[in-house]
Each structure stands twice: as C-alpha cells, then as structure tokens.
Amino acid sequence: MSDPRTLLEREIGAAQVSSLGALPLAEPRDEEQLCALLRLATREHLCVLPLGFGTKLAWRASSVADFALTTRALSGIVEYEPDEGVITARAGTTLAHLRARTAAERHWLTPFVAREERTSLGGAISAGQSGLDRLRFGPLRHHVLGLRVALGDGTVVKSGGRLVKNVTGYDMHRLYTGAHGSLCVVLEASLRLFSAPRRYAWLQVPGEGREWLEAAWRGAIRPLILALGRVENGWELGVLLGGAEEVVAEELALVQHAATLEGEAALTAARTFANTHTPEGACTRLECLPTGLGELLSRARGRCLVLPGVVTAQIEGAPPAAERPQRTLDRRIKQALDPHGVLAEVG
Amino acid sequence: MDPGLLRGLREILGEAGLVERRNQRVPYECDGLAFARQLPELVLLPRNTDETARCMRLLDEAHVPIVARGAGTGLSGGATPVEHGVLIGTSRMRAILEIDERNRFARVQAGVVNVDLSHAVEQLGLFYAPDPSSQKACTLGGNVAENSGGPHCFRHGTTTRHVLGLVIVTPQGEVLDLSKARAEPEGLDLVGFFTGSEGMLGVATELTLRLTQTPPVVETWLALFRELDEACECVSDLIRARAEPSAIEILDQLTIEAVEASVLRAGYPKEAGAVLLLELEGRESEVAAQARILEPLVRARGAFELRRARDPAERTRLWAGRKGAYGAMGRVAPDLYVCDAVVPRRKLRELVRETTAICEARGLKVANVFHAGDGNLHPNISYDRRDKEELARVLDAGDAILKACLAAGGTLSGEHGIGLEKIGAMEWLFTREDLAAMCRAREAWDPECRMNPGKLIPMRACMETRT
Amino acid sequence: MDARTIIDYAKSLDCVHCGLCLNTCPTYRLTGREPSSPRGRIHLMRSLAEGEIQADADFAHEMDFCLLCRHCESVCPSGVKFGALMEHTRAGLAALEKRPLHVRLARAIGFGVLLRDRGALSLAAALARVFAPARMPLRAERAYQPTLTPAEGERTSAVLMLEGCVMSEIFGGVNRATAAVLARAGCEVRATPQLFCCGSLHAHSGESSGARALAREAIEASEALCDERGAPLPLVSNSAGCGAHLKELAALFEEADPWHARAAALSARTLDFSQLLAREPQRSLLAARMRASSELAELSPIAWDDPCHLCHAQGVRREPRALLALLPGVTRVELAGSEDCCGSAGAWSLTHASESSALLEGKLEALRASGARTLVTSNPGCHMQWDAGVRRAGLDVRVLHLAELLELATRN
C-alpha cells in the first residue's frame with residue numbers, strides 16, 4: 001500500500017498537494033477532484049480531515065487523519081440576486097469577499113467574525129461559528145438556508161435551498177452546520193442576508209458594560225455588534241450601532257458617549273476589535289444564560305471574546321468532557337452518514 | 001391489536017388516556033388534509049414524558065408503527081394515521097412547566113396551544129413569535145414537528161429559530177433530555193435537526209422555547225390595490241428596497257369576501273382587488289424610519305388607499321381575519337385544499353398569475369391569501385371531497401402549481417411540510433442521493449422506520465438505502 | 001328509520017376541519033379527546049350520514065356529552081351552525097331511541113311532564129328544595145308576575161316579558177326585579193300565564209315535537225298582546241337560554257310550514273332585557289335613577305360572566321357591560337375566561353356531574369383571581385351553578401342576576 005501523499009499526488013497532481021504540519025494537505029481544484037479524493041479515501045481506508053483555511057484546527061490537526069483536504073480553491077459566488085436577499089457561494093469563498101460583495105448592495109452578512117479574509121464560508125459553517133453580531137441576528141445556523149455537501153464516499157447531496165422560507169425535507173444542513181466536517185465536506189452554501197443599516201456608529205468602552213448589555217436586552221438600543229473582549233485587568237466593550245439615521249441618533253443620545261466612529265471607520269474599528277479579542281486557532285466555547293454572564297466573566301482567562309450568551313476562549317488542552325446525553329445518537333448519525341469513517345472526528 | 005399490549009397500555013394510561021372504540025377513533029382518521037384518511041388502531045393520550053416513554057417502549061417491543069398528533073390542524077397529512085399503527089396525541093399534555101422571565105424562555109409540554117403560551121407571558125411584556133394561522137388551536141409540539149411558520153416569521157423566523165431545547169422520546173422509548181436552553185448545541189445540532197422532521201424521529205414531549213420582547217410600537221397597515229398583480233409587484237419592491245417590516249401578507253378579493261361574510265368581520269374593504277397587510281414594529285423611531293421607506297413605495301405601485309389600524313382592537317380584528325381566512329373559505333365549498341409553495345420573491349407576480357391560470361384551466365375556484373414577504377404562496381382551491389373527479393382535478397392542479405414553482409427556482413413547502421401530501425413531488429426536487437442521505441439520518445434514530453412511516457420520504461428512496 | 005337521515009348533512013358540510021374551535025370547547029379541553037370536540041362531533045355526524053359508522057350508544061354518548069354552549073360558533077370562520085346541527089342530531093337520536101331505558105324515562109318525565117305543566121314543575125321545585133338543597137340557590141323563590149306592571153314615570157314603551165318556567169319557579173325574585181327595572185326605564189311590562197315554557201330545553205335535548213308544541217303556544221300567546229297600533233309587543237327575556245332559543249325559533253319548522261314565518265316574526269321581536277335597557281331612552285332613564293348606596297358599595301368589585309347563550313348564541317356582549325358601567329361607586333373587574341362555559345348547561349350538570357364540577361372549578365379559579373365580591377350573570381342555569389359552586393368553595397361572593405343588581409341601584 002502506498003502512503004497517502006503518493007496516492008493524493010497520483011490522483012490530483014503533486015502541485016495540489018502540500019503540507020499541514022505533518023499531514024499531507026490536498027487542495028482540489030474543483031468538486032470533481034474533491035469527490036475523487038473522497039472516493040480514493042473510501043477505497044484506501046484513509047481518514048480525511050476537511051478544512052477551509054485551517055484556522056480553527058490547532059491541537060486537533062495531528063489527530064487521527066491520514067490527510068487534510070482544503071476547500072479553499074472552491075471559491076466564488078454561485079448566485080447573488082440582490083433583490084432576493086440570498087447569496088449562494090462555494091465553500092472556499094472568504095467571508096471578507098462575501099461581505100464586500102453584499103455590502104455593495106446594501107446587505108449585511110452574518111456572521112461578522114474575526115479575520116474574515118482567512119475565514120472560508122465552508123469553514124465557518126462547519127465550525128458553527130456565530131459572529132459578534134449574534135445578539136442581533138442569532139447564531140449562524142439559523143441563516144444557513146441550504147447546503148450542497150460531499151459525503152464521505154464522495155456522493156454529492158443537497159438539502160434546503162436558496163429561499164428564505166423552506167420546510168421541504170429534513171434540515172440536513174442543521175446537522176452539517178457545526179459538525180466540524182465529521183459528517184460531510186461543505187461544497188456550497190446559501191445564506192440569508194439582512195438589510196444593511198444606513199448609518200453606523202462604533203463605540204469602545206472600558207469595563208464590563210453591564211448597563212449596555214441591559215439596554216440592549218430591554219431593546220433600548222439594538223446594536224449590530226455587542227461584544228466584550230478581555231484586556232489587562234478586566235474587560236472592554238465594543239458596540240456597533242446601526243440603523244436608520246434617526247434611530248442611531250436616538251441611541252447615541254441615550255448612551256451619551258462622545259468618542260464614536262462613524263461610517264467605514266466604524267466598521268474598521270469593529271473588525272480590529274474582533275481581530276484583537278478572538279482567540280486564534282482552536283478555542284473552547286463556554287456558554288451561559290444571560291443572568292449567568294457575570295459569573296462566567298469571572299471565570300474567563302487569557303484571550304477571550306464574549307458575545308452575550310457565548311464565550312469563546314482559548315483554553316489549553318482538550319475541553320473537559322461534559323455530560324452529553326446525545327452522544328449515542330451523534331454516533332449513530334455519524335455511522336449512518338459516513339459508514340466507512342472516512343471523515344475525521346475532531347469534536 | 002394484541003390484547004397483552006392493549007392491557008399494558010391501559011395500565012399506563014388508564015381509560016381516560018385511551019381511545020379504543022371505533023366510533024370514537026373515527027374523528028382521528030385525518031388531520032387538516034381531510035381527503036387522506038386512515039383509521040388508527042388505537043389512540044393514546046399520555047399526560048407526560050414518562051407515560052409517553054413507557055407506552056413507546058411497549059410499542060417498540062411489539063414493532064407497532066406510531067404517528068404523533070397535536071391538534072390535527074396540519075395541512076400536509078403529517079398526522080394522518082398509518083395502517084396498523086397507533087396515534088399518540090399530546091392533547092392532555094397542556095402544562096406550562098416554567099417561565100424564565102429574565103432569560104426569556106419557557107418550558108412547556110408539547111400539547112400547549114401556541115396562543116396560550118403568548119397569553120401566559122403577555123403580562124411580562126413577552127410573546128412567542130411564530131404565529132401560524134391556526135395558532136389558536138395548533139399545539140407547540142406540532143409546530144416543532146412541522147417547523148411551522150406564520151405571518152410574523154418574516155421578521156422573527158420560523159419555529160426552528162425559537163426552539164432552544166427539547167425532551168424527545170425516541171422510537172425505542174428512551175428519553176433524550178436536551179431541554180437545557182442552549183446558545184449553541186453540544187455536539188451535533190439534534191434539536192435543530194429534529195425541528196421540522198415531521199414526527200419521524202421521535203415524539204417531543206417537552207419544549208424549551210425562546211420568548212420575544214413585545215415591541216413598544218406596532219403599526220398595522222392596509223394598502224388597497226385594484227389588482228392582485230400590483231400588490232405582488234409592491235412586495236417585490238419592498239424586498240428590493242431592503243424594507244424590513246415584521247409581516248407582509250396579501251389577501252385577494254375572494255378571500256376578503258369570505259372573511260367579511262364570516263364571524264371574523266375584520267373590516268377588510270370589499271372594494272379592493274387585493275390588500276397588502278403590513279406590520280411595522282420596534283421603537284417609535286424605528287417604525288417611523290420604516291414607514292418612510294414603505295409609504296412612497298406602496299403609493300408608487302398604485303395603492304389607491306393606505307390605512308393604518310387605529311387601535312389594538314382593530315389590529316387584532318385584522319389579524320384574526322387574516323388567520324381565520326382558511327376557515328372562512330369554508331363558506332365557498334365543503335372542502336378546501338391549501339397549497340403551500342415558495343417562490344423567489346422577485347417573481348411573485350408571475351407565479352401568482354401562473355397558479356391562478358392553472359386552477360382556472362381546470363375549472364377550479366382559487367383564492368389567494370399568503371405570506372408574500374417570504375415568497376410563500378397559498379393558493380386555496382375550493383372543492384367537494386365527495387366529488388372524486390373534482391378532487392382529481394384539484395390534485396392535478398396542486399402538482400402543476402408545484403412544478404411551476406420549482407421551475408421558477410422555488411420549493412415544495414414553506415411551512416405546511418411534505419407529509420403525505422407532497423411525498424410524490426420530493427423526487428422532482430431531490431435526487432436519489434439527496435433522499436438517501438435523509439433516509440440514513442432518519443434510520444440513525446429509527447432503524448425500523450416505525451415513526452410516521454410513509455411520510456416525507458418516498459418509499460423507493462428508503463428502500464434503496466437498505467440494499 | 002334510516003339512521004343516516006338524522007344528520008343535517010348539508011349543514012355539516014360547512015366544516016372545513018380547520019380546528020379553530022378545539023381550544024374553545026369545554027369537553028375537549030377537559031378530556032383532550034377529538035370525538036369530544038366540535039370538529040370531532042361534526043366528523044362523527046358526517047361519518048354517520050355517509051354510512052361509515054352506526055348511530056350506536058357511543059355515538060349517542062358523544063352527542064349528549066356536548067354542553068351546547070356554542071362557544072365554537074363564536075370562533076368558527078366557516079360559519080358552521082353547530083347548535084342547530086347538534087339539536088337536529090339529538091332530535092334524530094331521540095326518534096331512534098338509541099339511549100338507555102333509564103335515560104329515556106328521565107327524559108320523558110322531564111320534558112313530557114315537568115316542562116309542560118306549571119303545576120308539576122312547581123311541585124318538583126318544591127321537592128327539590130327539600131331533597132336537594134345544595135343544588136338550589138339560597139334565595140330560591142316562586143313568584144308569578146302580574147299581567148301588567150305600569151311604567152314608573154313617563155311611559156315610553158310597552159313590552160311583553162317572558163316569565164319562563166324555571167325562572168318563575170326558582171327565580172321569582174329575579175323576574176320581579178326585571179319587571180321593576182323595566183318599569184323604571186319607562187316600560188310598561190305585560191305578562192301572561194299563557195306564555196310558560198319556551199321549549200328551549202326540549203330543543204337542546206332533541207325533544208323536537210315537545211319544542212314545537214311549546215313554540216306554537218308561545219307564538220300564539222305573544223301574538224295576542226299588541227300595542228296601540230295592533231303590532232305584537234316586543235318580547236323581552238331575562239334568561240339567556242330562553243332568549244337564544246326564541247331568537248332561532250323558526251328552525252323548528254319547515255319553511256313551507258306557516259308556523260315558520262310566525263316563528264321568525266317572534267324571533268325578530270325578541271330581545272334580551274339588557275339589549276332593551278341599553279337603548280335610548282331606557283338607558284338614560286335608568287341612569288338618571290342610579291344612586292350610590294352602602295348596599296351597592298358592599299357588592300363591589302363586581303365581575304360579569306357572559307352566559308354562553310347570551311354571548312355565543314345571541315352575540316350579546318356589550319350591552320350588559322354597558323349597563324354595569326352605569327352603577328355608581330362600583331368597581332368592575334374582568335373575569336378571565338368569562339366566555340367559557342360554567343358547566344351548567346341545563347340538565348347537563350345533573351347528567352354529567354363530575355365533568356360539570358371540573359368545568360366549574362376552572363371558573364371558580366378565575367373568580368378567585370379576579371377578586372370580585374359579586375358575580376353577575378343572567379341565565380338561571382348559570383345562576384344555580386355559580387351559586388352552588390360559590391357555596392361549596394366557601395367563597396365570600398354573592399351571585400346576582402344583572403336585573404337584581406340594576407334594581408338595587410335604581411331603588412329609591
């Protein structure tokens with residue numbers, strides 16, 4: 001039996017096989033090649049680690065896989081009818097690209113995450129990565145309208161669609177979103193878009209921002225972004241207000257904060273805030289109910305981003321195994337969709 | 001039914017929890033899809049998770065198929081019984097178990113009626129957002145099974161965005177407790193996958209649901225148009241303008257006539273060819289900003305009048321009229337077939353025209369009342385179930401409508417589900433491989449396919465995964 | 001007789017199975033059973049008419065289990081005439097004799113004797129006061145109205161008052177109060193012993209021949225009393241059940257039957273007393289006589305409970321509230337679920353005692369939560385049910401008929 005690298009090179013050519021640490025990293029040019037690689041893996045009993053830019057991998061990468069496979073090259077927008085409010089793009093498209101394209105048509109793309117130029121659509125979906133705009137728009141999984149994916153054996157299947165409302169068939173995409181590539185490789189995704197605000201205003205304040213959180217919770221302000229980042233000796237709060245001219249004016253009057261940035265500068269500042277506070281690589285997600293936030297903040301260490309309800313933090317080593325009543329079903333679903341165990345389980 | 005099994009079930013549920021005799025089971029033979037009928041062998045009415053689980057363990061041992069039923073208001077046959085199967089009804093699970101005001105969620109039993117939850121939290125300034133037209137009758141458990149929609153889902157999203165956790169009794173009778181309100185799932189998103197799975201993965205007995213803050217200002221608008229075409233175009237305009245009201249509905253003239261002739265008497269103007277029902281919500285400034293976008297668009301599209309509901313009572317009446325429209329159409333004919341399809345929102349006018357033409361070509365009477373903002377069409381076709389020939393024409397029209405919507409980039413269902421009704425159409429949209437993947441995911445939960453068999457996934461696709 | 005014909009099949013087709021009625025139905029809410037819901041019962045009726053099922057004891061049981069509160073009609077967008085459907089079916093069942101012997105015997109005595117003869121009913125009421133005091137209201141009183149009660153002050157109109165069977169035997173005081181209030185509102189009140197039982201209980205129970213006989217008597221008696229121009233007087237009822245029946249009287253007769261038109265004419269001139277009093281000039285005349293008093297103040301706060309046959313069958317909701325709003329120095333509180341049935345429903349509370357108690361329990365809960373000291377109704381069945389319930393629960397709440405309260409407030 002040949003080693004994985006040789007097999008990969010034979011299948012798609014050496015130019016498309018590089019390395020990710022110790023692992024061979026295959027970069028298929030198109031879906032056809034990608035599926036061929038999965039069929040190869042099935043045939044040769046190889047275990048594949050699917051990834052986008054690999055920014056969420058770190059300690060997991062060296063696990064059980066025989067080779068890594070990136071969807072990076074499968075990029076580009078498949079369909080974007082601005083008047084429909086839905087965008088469909090290939091997995092390797094970066095969020096930065098999608099954001100620029102949709103912003104030009106006055107759409108807001110959720111999730112708003114750190115380092116979007118190195119975050120692929122497929123990667124964000126596989127990681128179930130919600131954005132700093134979570135309080136306003138909810139988690140990413142609510143806005144994935146449909147997916148086309150390749151299963152472990154190279155079969156391409158779809159679920160959902162390109163429509164804002166759809167209950168046709170099972171929501172398979174809900175299983176795939178956040179499955180960290182253990183059930184399939186995402187090829188193409190459709191996302192719901194939101195209306196972009198007319199005016200933006202960014203504020204950054206030291207402290208835990210309790211009164212801000214409270215104002216947002218009771219609807220006195222409806223920020224696009226509201227997040228806490230850890231700084232030396234405590235926290236700082238980032239808030240991106242957005243909406244119609246007078247709505248933002250009203251919110252600004254309410255919060256009475258002088259040092260604000262507007263327009264493109266506001267968005268740039270929001271990006272910087274996200275980049276500064278979002279941990280790199282693999283991180284642990286902790287969560288609490290709104291009333292439990294104070295307690296959770298006191299437990300956080302290191303580089304840490306807090307979205308109301310969810311804390312993304314970098315914690316050394318594997319997370320503690322929590323009580324998970326669903327584990328049996330997770331296993332059975334994995335077994336059903338990837339019976340040959342082609343796709344690595346890193347969760 | 002095996003006497004031993006019956007004895008066992010009776011022991012768990014008592015007489016009040018069983019519906020055995022034929023003349024009492026007959027009303028369970030169909031749900032809102034009235035032409036599809038099958039008498040259940042037995043109807044079980046457990047009162048809680050434990051009784052449900054114990055019954056389902058016995059049914060598992062005896063390999064008996066199970067169909068779950070909430071209030072039986074579904075329109076795709078999701079709760080139509082299956083041959084040799086039992087029905088598990090949630091109508092005696094009506095308790096609200098917990099209301100967490102500060103964290104804005106509620107835990108309820110599956111049989112709680114949708115609107116009862118909103119009433120229960122009204123005083124706290126909260127409500128449960130998904131509002132299917134049948135919300136005064138339908139159960140939250142049924143809403144979860146079907147991923148129900150409703151007018152205000154345009155802004156707030158369908159049921160799935162409001163389900164934080166579930167207690168599920170698996171087909172084997174095990175209790176899977178995923179009831180903790182979570183921001184992100186631990187492991188796979190089983191709660192998200194279960195929602196909308198049409199009762200084929202198990203029975204959800206307890207639901208943890210997100211509650212939404214009641215907006216400080218709500219405005220309800222009626223835009224009156226001479227032509228249905230104009231109203232449809234207007235909706236496309238609104239979407240194009242990135243307007244974000246909380247609901248965008250259209251009612252056509254036939255619907256208005258039926259509603260105004262009914263107990264609902266909502267106050268829709270009979271002189272309009274179509275009415276656009278809009279709702280704006282938020283803080284005063286937000287509503288005003290929205291209004292500034294909407295008003296010129298509506299006028300430019302030819303609305304001859306724009307009215308605002310004067311008070312909450314008028315607003316309530318307008319919505320009651322909208323939500324009772326399906327029932328009100330009962331004045332036109334004994335039975336009503338409510339089609340449910342979704343089309344791209346920029347093609348509304350074209351598709352509404354086409355669906356109307358399809359019905360007219362078959363000599364059928366059709367009325368339109370639909371969630372226009374989401375592109376979710378509901379052509380309502382009147383018919384008489386006893387006239388087999390007419391029923392055949394209705395079903396043929398339904399198929400033609402779906403095909404037209406698919407051809408335009410639409411899909412088979414926006415909120416009613418596939419159930420029995422559209423099972424044949426699944427193969428028009430999905431490949432064998434797509435369906436096989438769904439089958440495999442289902443079999444991970446229910447290897448015997450005993451839960452709601454014969455629904456959603458065509459049998460052929462299922463058989464293929466097994467060979 | 002073909003069992004299939006007992007259903008008014010054409011009317012049953014109005015139901016499109018939407019289910020909006022379910023949550024309003026007391027027996028569905030109580031049992032969670034579809035056959036015990038309006039939609040389920042219509043489904044059974046249709047199935048019977050289509051030959052799918054037999055009119056057996058199970059079928060009869062479900063039909064008899066309905067309270068005929070008609071809450072479902074208030075919410076039915078298809079306009080199903082559920083009350084009429086059910087009365088029709090019950091009439092058919094009575095003809096088929098599908099009920100057990102003891103039920104038939106009880107019905108024969110109740111409908112054939114007691115409600116056809118004032119003397120027999122009077123005797124029964126007297127016996128009930130001795131043997132079943134818990135079921136009788138505390139202030140039960142027999143009284144018959146004089147044939148003429150003159151208007152107090154200027155006479156603005158004349159009306160015929162329905163004394164009723166149960167009302168005059170048990171709620172004689174309420175009748176007296178009603179006549180007094182009408183008189184104070186400028187109405188000359190006429191009464192006639194020829195107008196005894198309107199037949200509503202017969203009709204609700206499917207005793208259609210008895211109902212028709214009583215209807216004919218009522219029509220003739222009422223036509224005999226005319227105003228100066230020779231037109232029959234408006235007929236005023238203070239019992240929601242009787243009023244509802246009289247307003248739909250024509251349904252008892254085929255359209256070709258000459259009685260049909262006469263019944264329809266009676267319906268057209270029938271009013272609930274609250275409707276009459278809420279109109280001008282009665283309303284103003286009444287309002288002018290209102291005086292705050294310590295007696296009245298002690299009753300506050302008060303809660304109005306809509307009798308089913310007033311709100312659902314007659315659509316009267318606004319008028320009683322408008323009249324209560326005239327009371328000086330009295331706080332009104334809303335009763336949650338005031339349109340839900342209290343479980344009385346005529347003889348239903350006797351034939352379905354435990355279910356009746358369960359329904360009443362829910363109402364008592366709402367009463368407790370409202371903090372009301374006085375519960376106001378305007379139907380004898382509801383009055384008795386509330387009275388018994390309040391006593392059993394040991395609540396310090398008075399149960400009054402709307403007329404009694406208005407009488408107290410306008411007493412000089």
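The questions and answers below concern a predicted model.

Q: What percentage of the residues of chain A count as buried?
A: A residue is buried when its relative accessible area is under 20%. Chain A has 347 residues, and the share of them that count as buried is 61%.

Q: How far apart do the centres of the positive and negative side chains of chain A lie?
A: Chain A carries 39 positive side chains and 39 negative ones.

Q: Which chains share the most contacts?
A: A contact means heavy atoms within 4.5 Å. Chain A and chain C are joined by no contact, and their closest C-alpha atoms lie 21 Å apart. Two pairs of chains are in contact, and the pair with the most contacts is chains A and B.

Q: Where in chain A is A:Pro111 found?
A: The peptide bond that leads from A:Thr110 to A:Pro111 is cis, with omega near 15°. Most peptide bonds are trans. A:Pro111 belongs to the loop between strand E7 (107-108) and helix H4 (121-127).

Q: What is the omega of the peptide bond from C:Ser300 to C:Pro301?
A: C:Pro301 sits in the loop of chain C between helix H17 (294-299) and strand E6 (302-304). The bond from C:Ser300 to C:Pro301 is cis, and its omega is near -5°.

Q: Does B:His63 count as buried or exposed?
A: B:His63 is in the loop between helix H3 (49-61) and strand E3 (66-69) of chain B, and its phi is positive, near 55°. Exposed means over 50% relative accessible area. The relative accessibility of B:His63 is 51%, so B:His63 counts as exposed.

Q: What is the relative accessibility of C:Ala345?
A: C:Ala345 has a positive phi, near 50°, and lies in the loop between strand E7 (332-333) and helix H20 (348-351) of chain C. C:Ala345 counts as partly exposed because its relative accessibility is 31%.

Notes: Residues numbered from 1 in each chain as written. Chains lettered and ligands numbered in written order. Predicted model: local features only at pLDDT ≥ 70, side-chain atom pairs only at ≥ 80, totals over all residues. Heavy atoms only, no water. Buried < 20%, exposed > 50% of the residue type's maximum accessible area, 1.4 Å probe, protein only. Lys, Arg positive; Asp, Glu negative; His and termini not counted. Charge placed at Lys NZ, Arg CZ, Asp CG, Glu CD. Helix = DSSP H or I, 4+ residues; strand = E, 2+ residues; numbered from the N terminus.
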